[in-house]
Amino acid sequence: MNSDKLFNDLIDLGIKTSKVHYNLSYEELFEHETRPDLKDYAKGFVTKCGAVAVDTGIFTGRSPKDKYVVYDDTTKDVVWWKNEINKTSDNKPMSPTVWTELKQLVVNYFCDKELYVMDAFVGASEKHRLPIRVITDIAWAAHFVKNMFIVPTEEELKNFEPQFIMLHAPRVTNPNWLEHKLNSEVFVTFNFTDKMALVGGTWYGGEIKKGFFSVMNYYLPLKNVASMHCSANMGKDGDTAIFFGLSGTGKTTLSADPKRFLIGDDEHGWNEEGIFNFEGGCYAKCINLDPKKEPQIYQAIRRNTILENVVYNPETGEIDFSDASKTENTRASYPLSHIPNAIIPSIGPHPKNIIFLTADAFGILPPVAVLSPEEAMYYFISGYTAKLAGTERGIIEPIPTFSAAFGAAFLTLPPIIYARLLADKMQKHNAHAYLVNTGWIGGPYGIGNRIDIDVSRKIIHAILDGSILQTNYDIMPFFNLKIPKHIEGIDDNILNPRYTWEDKEAYDKQAQTLAKAFVDNFQSFTTDDETKELIDFGPKI
């Protein structure tokens with residue numbers, strides 16, 4: 001891009017500075033993010049494997065209580081607003097006046113600062129990609145953008161025009177948050193009229209990644225394109241599968257199959273041509289990373305990778321992936337090119353298999369169940385998994401967690417819109433849906449055992465080759481789910497979780513408790529008549 005145009009674009013935003021680095025190369029970013037003069041969390045450390053490790057301070061995950069959407073004529077009748085009915089939404093309204101003050105706060109800070117400007121695309125589909133710009137004063141954040149989104153060619157950069165801009169300022173906090181009636185001095189806010197976002201007060205890289213996911217979740221469904229929190233891969237014969245699931249369910253791990261081609265690990269669209277990745281990289285959870293069980297992720301962590309909040313030896317550079325003293329949510333951000341069998345550009349045909357992953361810590365759900373189309377919509381809107389002790393402050397035992405469309409935190413529109421789009425495309429392209437539990441059997445967390453990842457892989461392979469549809473089924477009590485009686489290479493007894501409990505009455509009691517949690521959660525969606533009809537396809541107490 002012409003430097004004069006770039007400076008004029010910044011001036012149009014009110015940013016006046018002469019120190020701007022535009023779309024730096026990996027080598028240049030490496031030099032900037034490891035400079036010895038850097039202070040606070042801006043400084044990166046070069047680990048033994050070549051990846052750069054950074055800390056994000058007290059924010060080792062997203063700040064959903066600090067997420068806002070500007071409430072105006074553009075959004076008031078469209079956005080899924082948080083209120084007494086929509087309690088699981090994170091879209092809290094912000095007035096245009098408060099937005100203007102926060103934007104000015106960031107702009108004033110950026111003036112005369114050394115800035116990094118990164119232009120990229122969100123979306124591998126040329127028809128539905130979104131040109132974005134991120135402006136930050138943190139070099140490793142610019143590196144994060146380069147990893148996570150799709151890098152334009154030199155030719156595309158010549159006349160690049162961003163359609164959504166994010167001002168990323170971790171050092172900027174809001175001193176007037178009480179007066180503004182906000183949650184804290186931290187802010188992550190979106191203005192769909194101005195086509196801008198602001199991130200202030202938090203260093204966590206995931207705010208950038210998930211921020212643009214929220215943006216795509218706004219624009220694409222309005223164009224009849226499904227926007228999905230899922231991973232995707234493809235077989236040698238062109239058979240595509242997508243994996244929905246919340247953090248810790250195995251979405252990244254199970255999609256990174258050395259026998260299949262990776263399309264992407266987290267965010268995808270489904271248009272009239274097929275599946276396309278939103279991103280140009282992966283953001284893998286790496287706590288307890290095992291090179292034998294997750295070889296592709298382990299080998300991807302090398303030069304050009306950003307590591308967040310991992311524990312390392314500052315003298316040797318050795319990483320201890322098992323150390324969760326900073327957080328359970330340690331992360332690795334790396335470009336798709338680090339995965340040897342990744343498809344670039346990351347697009348694929350219409351999927352034939354839709355897999356909903358859950359990590360049930362109560363030991364109730366089966367390792368796999370075959371879903372009807374209506375059940376698929378029910379379990380998609382429910383978006384169930386369980387949070388474990390230690391993953392969040394204050395959690396001392398497993399608790400059921402429901403996140404609509406397996407990504408409520410990022411849904412900008414009402415959940416039924418995403419469910420309807422998914423169901424329509426499944427029907428049109430004759431796709432089958434499955435619920436796969438990667439959690440516990442034989443008892444709840446602390447008593448039972450977690451389902452071995454090799455068992456989960458065999459289940460996934462049975463889904464992909466269609467053999468799972470060639471067996472007989474049990475019907476699960478309370479949930480009425482179809483459970484396969486046999487899958488090649490797996491002990492038949494573990495397929496029905498009730499058989500794995502010594503105390504069958506305890507299983508039935510816990511199953512009813514979990515069924516009630518599903519029923520209670522779904523009540524918040526029954527104000528919509530279309531969603532209300534799906535109650536018959538969920539658990540019964």
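Two strands are taken to pair if DSSP finds at least two bridges between them, where strands (E, at least two residues) are DSSP runs numbered from the N terminus. By that criterion strand E16 is joined by five bridges to strand E20 (residues 331-335), and the two run antiparallel, with arginine 331 of E20 as the bridge partner of lysine 285. The structure is a predicted model, in which local features need pLDDT of at least 70 and side-chain atom pairs count only at pLDDT 80 or more, while totals for chains, interfaces and linings use all residues. Residues are numbered from 1 along each chain as its sequence is written, and side-chain values use heavy atoms, with hydrogens and water left out.

The pair of E16 and E20 belongs to an open sheet of five strands, ordered E2-E3-E17-E20-E16, whose pairing is mixed. Strand E2 (45-46) and strand E16 (281-285) stand at its edges with a single partner strand each, so that one side of each is left without a neighbour in the sheet.

Three bridges link E9 in parallel to strand E4 (residues 67-70), where tyrosine 68 has threonine 189 as its bridge partner. Five bridges link E9 in antiparallel fashion to strand E10 (residues 196-200), and here phenylalanine 190 is partnered by alanine 197. In the hairpin of E9 and E10, four residues lie between the strands, and lysine 195 takes a positive phi near 55°.

A nonpolar core is a set of buried Ala, Val, Leu, Ile, Met, Phe, Trp, Tyr and Cys residues joined through side-chain atoms within 4.5 Å. The largest one holds 136 residues, of which Phe212, Phe244, Phe356 and Phe479 touch the most other members. A second, separate core of 30 residues includes Leu13, Val107, Ile135 and Leu198.

Finally, the cysteines: with a disulfide defined as a pair of cysteine sulfur atoms within 2.5 Å, the count is zero. The sulfur of cysteine 49 lies 10 Å from the closest cysteine sulfur, that of cysteine 286, which is too far for a bond. Cysteine 49 is partly exposed at 34% relative accessible area, whereas cysteine 286, at 0%, counts as buried.

How values were computed: Buried < 20%, exposed > 50% of the residue type's maximum accessible area, 1.4 Å probe, protein only.
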